[in-house]
Amino acid sequence: MGVLLSCSRDALPGDVAAFVICTYELGVTAVSQAGEQLFGREEEVVGKHLLDLVTSPLGDDQLSRHAGLAAQRACDPIVMPLRLTSPNSDEVGMLAARIATCGPPRAALITVEPSEFGRR
């Protein structure tokens, strides 16, 4: 089963981006095929709380606030660092997350890609 969502052009870094979609309550409602390689299989990820999957060195309160706002109203995409909470987080390293609005219905689109955050 597929769902068609729309978002601003600058919300997705590429056609095969790894992403999750969550509600304003931060419940994960979808994961991309590329996202399954990072976050886990769809059956395991959908229904989880976003903070069960990722954390941010800037603070989970900032991550929650940006994702919650994006899910409630149209806003410009923001980029912030994320780490997976899974056991393979060290091998994946820091990710750059782009948080944007998508819909309908309105939700937060969180795309991730490898980053240089935290590297010296």
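Predicted model: local features only at pLDDT ≥ 70, side-chain atom pairs only at ≥ 80, totals over all residues.
A residue counts as buried when its relative accessible area is under 20%, as exposed when that area is over 50%, and as partly exposed in between.

Side chains of opposite charge can pair when their charged atoms come close. The structure contains four salt bridges. Among them is the contact between the side chains of Arg41 and Glu43, with a distance of 3.2 Å from N to O. Glu43 is exposed, because its relative accessible area is 57%. The side chain of Arg41 also meets that of Glu44 in a salt bridge, at 3.6 Å from N to O. Glu44 is partly exposed, with a relative accessibility of 45%.

Another of the four salt bridges links the side chains of Arg83 and Asp90, where the distance from N to O is 3.2 Å. The relative accessibility of Arg83 is 25%, so Arg83 is classed as partly exposed. For Asp90 the value is 64%, and this residue is therefore classed as exposed.

Methods
Residues numbered from 1 in each chain as written. Heavy atoms only, no water. Buried < 20%, exposed > 50% of the residue type's maximum accessible area, 1.4 Å probe, protein only.
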